[in-house]
Amino acid sequence: MSKLRKLKVATGIWWIEVPDTGLSVLCGCPADSVKHLMKRGLILPTETNGVGHETGPNAILLSDVMLQNGSFCNLAEFPVLQMLYRQGMILPGHPCNTGAKPLLIGARDQVNAQLQYIYRGNYGLISEEEMVDAGIDPAKAKAMMRLKLKFAFGAIRHPRELLDTQFIESEPAVLPGGVAIRRLALNRFEFSYEGETALVDLNLAAHENYDSPYPLGNHQVKREYFAVLHTGDGDGWDINRPSMGSILMYQGKIFLIDAGPNIHVSLQAMGIGINEIDGIFHTHSHDDHFAGLTSLMRSDQRTRYYATPLVRAAVAKKLATLLDIEEDDFAHYFDVRDLVFDQWNDIDGLGVKPIYSPHPVETSIFLFRALWEGGWRTYAHLADIVSLDVLKGMITADAQAPGLSQEWYDAVAADYAVTADVKKVDIGGGLIHGAAQDFKNDRSGKIILSHIARPLTEAERAIGSGAPFGTVDVLIPGRQDFVWRNAYEFLSAYFPKVPGHQLRVLLNNRTVSFNPETILIKEGAIPDEVYLLLTGSVESLNTETGIRNVLSAGAMLGEMVALYRAPSQVTYRALNFVQALRLPCDLYNEFVRVNNVFDDISRLQESRQFLRRTWLFGEGLSNTTLNRIATKLRPLAYKAGQTIDPRETGELALVRSGKVRRMLGGDVIDVLAPGDFFGEDVAVFDTPSLFHVEAVEVTEVDFVPGALLRDIPIVRWKLFETFEKRLRAVARSGTQVENALVWRAEYSVNIQKIDGHHQKLFDITNQVLEAVQTGKDPQSIRETLRLLLDYTHYHFEAEEQLLTRYGYTEIDGHQHKHQKLIEQVKDIGLRLAANDFKADREVLAILQDWITSHILSEDRRYAPFLNDKGVF
């Protein structure tokens with residue numbers, strides 16, 4: 001019998017079990033990984049000494065990269081919760097509480113990022129100062145913190161107290177029971193035990209995506225005036241249904257209420273493309289309401305983000321720790337529209353009132369209203385509320401003790417009792433969810449009970465209704481064609497110089513519908529019509545190149561086929577229910593001629609088609625956005641061996657023909673072919689570049705202004721994924737430097753971002769040492785040293801901003817030391833240029849003193865100050 005058991009759970013998720021040691025490892029933890037384990041029977045209900053609990057993993061192997069194909073790879077919040085509470089590993093007196101802790105395994109940066117993400121997932125904002133920074137009155141912030149501490153059993157604890165960690169570095173690591181694990185390559189790992197081995201590959205193939213644990217049928221949704229489309233009434237443990245959420249339709253516009261795991265699957269089932277989302281109303285930052293935010297980042301325009309500043313701050317901090325980005329980067333992906341608590345906020349005629357709701361993390365319940373005959377029509381969305389019985393047990397008259405006042409409790413009970421035409425409530429029970437009994441006498445027109453992983457009880461069925469996926473509650477019916485309005489907006493953007501009366505020539509054509517999996521235009525065919533995609537999603541397939549892209553509302557299908565009467569180079573195939581404006585080719589061609597736009601279209605055609613064939617620009621971009629990029633392309637040709645440097649102009653470089661090689665020092669990292677890109681580090685992320693790039697052969701490169709790409713979410717998202725993966729690959733490749741600087745756990749300042757910067761400085765310093773030791777040419781050494789200097793400036797600036805923000809009193813002295821260190825690095829550069837070093841050991845001594853002395857003394861001096869402020 002095998003001592004090492006390996007199972008494929010789902011795409012990108014594996015299970016390793018070593019029965020002799022009791023070790024069970026969940027390998028890969030994207031969204032809903034716990035649900036996949038339940039479906040495979042790897043999490044089961046059981047009983048020990050008369051106490052019920054679940055089985056499951058006791059360790060998690062993390063992906064080396066945080067993103068693959070646009071999705072989060074590491075979301076350990078729910079797997080860790082399952083181990084701590086549903087298995088009982090943290091529960092006092094539980095037979096499974098043996099003192100062993102859940103184990104996080106992986107690269108140091110990913111493990112630390114998960115610790116921070118779980119920390120923010122458990123608590124949200126972790127101090128009164130952070131609440132005040134989010135606009136809360138100090139007295140109110142104090143009351144909120146008292147309540148938060150009650151949920152936290154009196155103290156906010158960092159996940160390091162609850163979890164064990166095992167970093168996988170260059171050498172194999174030994175897990176409990178003597179099981180060994182080593183990294184073979186990026187995201188490829190080998191487990192070994194008593195002569196047996198098992199290989200785990202966490203890489204996704206191109207266009208491969210993580211699976212949804214539940215199938216959803218296709219639904220054709222009519223755009224209504226004011227209606228609620230139900231997208232889930234389960235919770236984070238329900239293996240058959242999406243988590244609690246809704247889609248709000250107002251005047252034909254589509255708004256999400258929360259974005260749970262696999263929201264893109266729900267939207268596709270509804271026939272709604274990402275580009276059709278007008279905004280999201282966000283209640284809070286728990287994963288079952290948060291994990292789908294990445295889907296909204298795959299739009300070609302920033303989605304409006306509606307939340308109170310308090311909720312937004314908690315969400316932005318959690319996202320920033322997960323992705324190792326700045327909180328301010330949130331605004332690059334979302335158009336932030338802050339809402340005011342306890343007031344009706346007007347959103348183009350839609351009334352929205354957020355109300356603070358007691359919960360372990362900052363949470364709002366929402367009331368929505370729209371004007372109609374007889375008064376307002378209303379919808380109330382009460383996600384992740386706490387039952388009144390639980391809140392009653394938290395009441396205290398001691399203004400300093402954790403808990404809440406009787407007055408606040410009464411206000412919460414009154415908020416719960418507000419009536420609405422339709423009211424959706426969380427009845428998940430336990431310490432942090434609601435109870436149906438609290439709404440037994442509610443006088444709302446319709447109550448929907450949600451956020452559970454079980455059938456409603458008989459008593460609950462007498463109180464409220466269910467809302468299966470895809471059902472709709474229409475509050476105000478639509479009497480106009482909202483899809484036609486979308487067609488006008490798309491055409492106006494695509495033909496900005498064409499007058500409205502001419503656009504109506506095209507608009508006077510019929511809208512056609514296609515069932516899921518229907519081919520609209522076949523590769524090689526010359527169709528008689530062009531289609532303007534209005535709703536839904538269509539995939540384009542090229543059998544010759546193997547390129548597949550997903551197109552959303554606003555895309556024009558078959559346009560060049562109509563203009564040139566040439567066979568279509570791709571097949572267009574509906575992914576869900578699709579609506580499109582059918583434009584006869586002869587009419588479209590005459591429209592183009594009459595309005596004199598043929599030259600404009602043709603001029604951009606070649607560039608737009610090239611962009612469509614690339615991974616970076618081929619998916620999710622409307623023709624309007626592609627045209628905007630195509631007009632800014634700046635082509636340049638290079639001879640073999642010629643250096644290509646986009647750093648000075650802040651542009652992204654896109655290889656149109658030929659090949660280029662990216663080099664680190666004198667080593668070739670990779671060779672890029674047509675459609676590949678480089679320079680994203682400087683152009684978009686303002687990070688000093690590690691790489692030198694030169695043409696392998698005669699090569700044509702298109703340069704795109706970085707400023708143009710920064711606020712196109714899907715492009716920025718893909719650039720970030722590539723940027724992060726390239727840096728991880730270099731970091732994992734290791735170095736052969738003798739006496740290299742080695743990062744040790746003792747060097748940590750216990751602040752995720754700063755530790756990441758310090759580790760990067762170690763890596764670059766080792767590159768300088770390697771260049772000197774191996775006798776590389778002076779130019780390579782100078783370039784590597786320049787990189788060290790550039791990154792040092794970047795790190796010092798970020799560190800000083802953090803210290804200033806939290807009022808570190810010794811900031812002036814710290815800045816002075818930074819300046820001295822900068823001068824030391826410059827001096828090293830001058831001495832290297834003058835060949836003034838007798839041996840590389842002198843370089844090593846200076847750099848070791850510079851790096852480790854500063855980190856071990858100066859930086860560790862401020863660490864307790866920031867940790868006390870809740871900064872980790």
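**Figure 1. Valine 696 in the loop between β41 and β42 of the predicted model.** In this predicted model, valine 696 occupies the loop that connects β41 (692-695) with β42 (699-705). Its relative accessible area is 30%, so valine 696 is classed as partly exposed. Together with Val668 and Val671, Val696 forms a nonpolar patch on the surface. The accessible area of these three residues together is about 210 Å².

**Figure 2. Surroundings of lysine 632.** Lysine 632 is located in the loop between α19 (623-630) and β36 (634-638). With a relative accessibility of 48%, lysine 632 counts as partly exposed. When residues up to four places away in sequence are not counted, lysine 632 touches Phe703, Pro705 and Leu708. Aspartate 328 provides a further reference point: lysine 632 and aspartate 328 are separated by 304 residues in sequence and by 27 Å in space, C-alpha to C-alpha.

Figure 3. Four strands make up an open sheet in the order β28-β35-β30-β33, with antiparallel pairing. Its edge strands are β28 (511-514) and β33 (556-557), each of which pairs on one side only. Within the sheet, strand β30 (residues 529-535) and strand β35 (residues 578-584) are paired in the antiparallel sense over six bridges. Tyrosine 531 stands opposite arginine 582, a residue of β35. Helix α17 (residues 585-594) lies across β30, β33 and β35.

Figure 4. Strand β34 (residues 571-574) runs antiparallel to strand β29 (residues 519-521), and two bridges join them.

**Figure 5. The open sheet β11-β12-β13-β14.** The strands of this open four-stranded sheet follow the order β11-β12-β13-β14, and their pairing is antiparallel. The edge positions are taken by β11 (173-174) and β14 (196-201); each has a single partner strand, so one side of each lacks a neighbour in the sheet. Two bridges connect β11 with strand β12 (residues 180-185) in the antiparallel sense. Valine 174 has alanine 180, in β12, as its bridge partner.

**Figure 6. The salt bridge between aspartate 32 and lysine 35.** The structure contains 43 salt bridges, one of which joins aspartate 32 to lysine 35. The closest N and O atoms of this pair are 3.8 Å apart. Aspartate 32 and lysine 35 are both buried.

**Figure 7. The salt bridge between aspartate 348 and lysine 253.** The side chains of aspartate 348 and lysine 253 meet in a salt bridge with an N to O distance of 3.9 Å. This pair links distant parts of the chain, the two residues being 95 residues apart. Aspartate 348 belongs to the loop between β21 (345-347) and β22 (350-356), whereas lysine 253 lies in strand β17 (residues 253-257). The relative accessibility of aspartate 348 is 56%, so this residue counts as exposed. Lysine 253, at 26% relative accessibility, counts as partly exposed.

**Figure 8. The salt bridge between lysine 423 and aspartate 442.** Lysine 423 and aspartate 442 form a salt bridge through their side chains (2.5 Å, N to O). Distant parts of the chain are linked by this pair, with lysine 423 in strand β25 (residues 422-426) and aspartate 442 in the loop between β25 and β26 (446-450), 19 residues apart. Lysine 423 has a relative accessible area of 1% and is therefore buried. Aspartate 442 is also buried, because its relative accessible area is 16% and the class covers values under 20%.

**Figure 9. A network of salt bridges.** Salt bridges link Arg120, Glu130, Lys317, Glu327 and Arg805 in a network.

Note on methods
Residues are numbered from 1 along each chain as its sequence is written. This is a predicted model: local features need pLDDT of at least 70, side-chain atom pairs count only at pLDDT 80 or more; totals for chains, interfaces and linings use all residues. Side-chain values use heavy atoms; hydrogens and water are left out. Two strands pair if DSSP finds at least two bridges between them. Contact means heavy atoms within 4.5 Å. Axes are lines fitted to C-alpha atoms, for helices over the stretch in contact, and angles run from 0 to 180 degrees between N-to-C directions. Patches are made of residues with over 30% relative accessible area and no salt bridge: like charges are joined within 9 Å, nonpolar side chains (Val, Leu, Ile, Met, Phe, Trp, Tyr) within 5 Å. Accessible areas come from the Shrake-Rupley method with a 1.4 Å probe; for residues, only the protein chains shown count as cover. A salt bridge is a side-chain nitrogen of Lys or Arg within 4 Å of a carboxyl oxygen of Asp or Glu. Buried means under 20% relative accessible area, exposed over 50%, partly exposed in between (1.4 Å probe, protein chains only).
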